[in-house]
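Here are a few exercises to work through with the model open beside you. Try each task before you read its solution.

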Amino acid sequence: MLILVAPTALAEPARVLLLASKDSSVYQEVIRVIRQQLADADIQLAAVMDPNSTSEKIFEQFDLIVPIGTLATQTALETTVTKPILSTLIPLHTFGLLSSPFTTAIRQGRITALYLEQPLDRQLQLLKLLQPQVQSLGTVISDNSKQHLSDLQKAATAQGWSINAKELQEDDNPVATLTPIIVNSDAFIALPDRAVFNRSTAKWILLMTFRQQIPLIAFSRSYVEAGALAAIYSTPESVGLETADWIQHWQQNAALKLPPPGYPQRFHLSVNRGTANSLGITPPTDAELMKRLSK
Amino acid sequence: MATTRQGLLPVLLISTNMLPHAAQADVASLFSETDLFIPVSTVQSVTGLKQRQSETPAATTIIDQRLIQDSGATNIAELLRFVPGFQVYHVNKNKFGVVSHGQGGAHPGRLEVMIDGRSVYLPLLSTVDWSALGITLDDIDYIEVVRGSNVPTQGSNAFLGAINIITKEPFKRPNHKIKVTLGTHHWVNTQFQQSGKLNNLDYGLSGDYLHNHGFGTGYDVDDSSHSTPITMEDGGEITQLSFRGSYTPNLQDSLDISLGLSQGRIGVGTPHRPNGYSDRDLNSHYQSLKWQRLLNDGNELEVHAYHNYLHYDNSLLYHVAADSISAFGTHPAFDVETGVQDGTSERYDLSLKYIQNFDFNNRVLWNGGLRYETLQSEILLDSPHAVEETLYRLATNWEHSANKHWVFNAGAMLEYNETNGANFSPRLGVNYKVDERQSFRAAISRAYRTPSLLEANETLTVYLPDDAAFGIYAGEPFNRISRPYDDLQPEQVKSAEVGYRLQLPQQQSLDARLFYEEVNQAIDQIDLSISDYDNKVREYRNEAYWTAKGIELQLRLQPWPNGQLNLAYSYTQTHGEYPNSNFNSAEGMSPGHTLAALLSQQLAPATRLSLATYAQSAVRWEGAEPTPSYQRWDLHLGHQLAESNNVQLELIIQNLLSDYTEFDLNNNLDTEAYLRFSMEF
């Protein structure tokens, strides 16, 4: 008879492995911030910068595996079945795909993720603060972002808004697909989806929303710099800070259970005031927006 | 690879297991963190198609607003120092030369320079007037530079490279902004910007006034003991006004209107002859209209029409004393006009561009156009009548993405004018993308530069006064200084390059390029014997040739948090000849090493410090005296006094250490300091 013994709080310092997807500056920054935040904690950290150099035997030495990024998460999920995994710096949909065989472990608090994206209701709240008159919201999706659409519909309904959405296939011409969406919407939200936001579609969306004079809410700072009205997003630093929080909470949890996958509390904000000016919008200051979004 | 850090556990690597094969998903195809943290920067100037820098058939440099601000540049030409392989120099205080791989003079003309796709090349002097482009530094969104011949896309003037200055769209400009800069040499520069909306028209308006004194005191090249100091009268005063409007009547159409004018006066002359400076009055304006349409099938159409007008007024009288020409015995004194930078040129250009997306892997661009140019200059052409030229052009580029690794570009330009007939300039490029970050590039091209209107028609003649004292020679040519050559042919360049590019997060990148350029039939002025006052006459002939090969490196790095390093370096070896010149040598006219490096650090949220160094090997530019190698250090300190209204105060110090000379004798750059204040409201 196999008796499953629930893990208990650790008597010794917790040993945590930070596994980077690549030895480059984004992942180095996340690790640096985690190390800095946990410097005084009773936690011993180790970092591996190449997922290919790990193995189950290495994972055995640790109490918690923290894969940083998509490749590291895939490696961790394929390598260990016993160690708890806290995936970070990973998009929601990607984590969902990679972890689909492990739903039980997720329910039991042995596998979790801190998503890279910001929660949709926070993004819609930002839009409402910038453009209170919005009634209908447009977007385009692909097969990869259908999950996003149902979450978006829930968040929009909570605001009392309607959604205009259409699926954009690879062979579709973006102008024909985007035109009815943009013409019939008060605002447009860009959902993170590589199939949709390749080089040409992103350009059409920027151009057409600008011509239609509707605000575009994006998911990255570079999109805002290219002309989108605003975005809230995570940075390697904010991801590092939040991951460190999650590690500490895990350590302090008597049952060593990980929380369910979730969005970050921290975020950065970028507003393109030139675009706002052109749209006739006078946005509050960044500090005021941050304060209201943080409530 | 396991690393240990202080306070971290050592990791025992027991084995390096291979990963299990059965991946649940192809990770490379999934949306990942790399999509958000690696910027998708594209350039358009290389082929006319918007392409990632890893997919273009030529090396590119982007100079963005961050670099412009950190550099503390006080003029637009100086920004081109950050392009590997380019040299920038003051010809006079307000006159600049920008060249690629050397071979420059007072009026270099082998680079195409455009503003939002409108060429600003001047037929009048076969060059670009950098101090009168009609835009301000703040108008610039970014600058795209194509390193290497870009004739296949942009035509004849892009013989050795192309610079496209992209101005900010109206919505990117502040509502109101003023900027004042005060500096040494009586430097006063005031600028304003204003943007707004009129119905469906977004517009931006900017103005610029510049006043400065010249380089100071110089000595004639023959005055080796420096016994007679001469004031270099190359200061100036220029006023510029520009307007940009974007009109979007519907979702698929947009109209872009640009207007600008420049007026002023600068002192020009040959620096090693400071006694020969004169004022050159400027009056120029331009108009540009661009219509872009997104077609229902996802293709794009663009029609662009523009007009450039330039008038220079330049007078420098050379006094011939009475009875000084022995052949005529007794004769009255008279003045000879030697101010040659005088005349009027106009250009009308119309182009039609069509981009066709066949499928996800194939795009084709077609760009046809015609250009009509006139040049009128009584002194340069020895005639009150204008000369004119009509040039027809057709360019194409086919981009084929074979798979996620291989991209091919095949392009060509066909140009035709009545004088030189048709010239065909093709280019083939192949890019191999190792992954999202690394790519290799190889390209070959052949290109032609048709002679400019001036090179094809210059006729400088000195006439005797119509006075009986000169007998049968009264009113007749006394000295033919230059005349046109009927069989002047286009210059040719064959080039080859291999390049490597590494793109890193947070806009960091490394770009390395090995290049080879072989220029033949290069146009040079040679002396021929005739019977007149000095028994010689100059003609532009296809006499010179050279090969240039070397390496260019470009680095953009964040070495530590809040720090940024920009570096541009090139090493060039040149061999060739100007057979009929006593002074010009291809090797001598190409500095071996050129370096620009800028280190910036955010000291506090509102304070940013930058330190730049520029270095160049010794060189002798065409028509100038040799100048030694130099290294210059600049400092820029910027502080935001108030976040609301973006009130900024900047201190700029150029050339912190020893003096150095640029382009020619007497262009001595000593330490210059500027204080700049700006605010938005």
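**Exercise 1: a strand and its neighbours**

Strand 3 (residues 64–68) of chain A and strand 4 of chain A run parallel and are joined by two bridges. This is a predicted model, in which local features need pLDDT of at least 70, side-chain atom pairs count only at pLDDT 80 or more, and totals for chains, interfaces and linings use all residues. Residues are numbered from 1 along each chain as its sequence is written, chains are lettered from A and ligands numbered from 1 in the order in which they are written, and side-chain values use heavy atoms, with hydrogens and water left out.

Task: find out which strand 4 residue of chain A is the bridge partner of A:I65, and how strand 4 of chain A pairs with strand 5 of chain A.

Solution, step by step:

1. Strands here are DSSP runs of E with at least two residues, helices are runs of H or I with at least four, and both are numbered from the N terminus. Two strands pair if DSSP finds at least two bridges between them.
2. A:I65 has A:I85 as its bridge partner in strand 4 of chain A.
3. Five bridges pair strand 4 with strand 5 (residues 111–115) of chain A, in the parallel sense. In strand 5 of chain A, A:T112 is the bridge partner of A:L86.
4. Now check the cover: six of the six residues of strand 4 (residues 85–90) of chain A are buried (buried is under 20% relative accessible area, exposed over 50%, partly exposed in between, with a 1.4 Å probe and protein chains only).

**Exercise 2: salt bridges across the sequence**

Solution, step by step:

1. A salt bridge is a side-chain nitrogen of Lys or Arg within 4 Å of a carboxyl oxygen of Asp or Glu. Over all chains, the structure holds 41 salt bridges.
2. The closest N and O atoms of A:D245 and A:R266 are 2.8 Å apart, in a salt bridge.
3. B:K179 forms a salt bridge with B:D138, with the closest N and O atoms 3.0 Å apart. Both B:K179 and B:D138 are buried.
4. For B:R293 and B:D253, also a salt bridge, the closest N and O atoms are 2.6 Å apart. B:R293 is in strand 18 (residues 278–294) and B:D253 in strand 17 (residues 253–268) of chain B, 40 residues apart.
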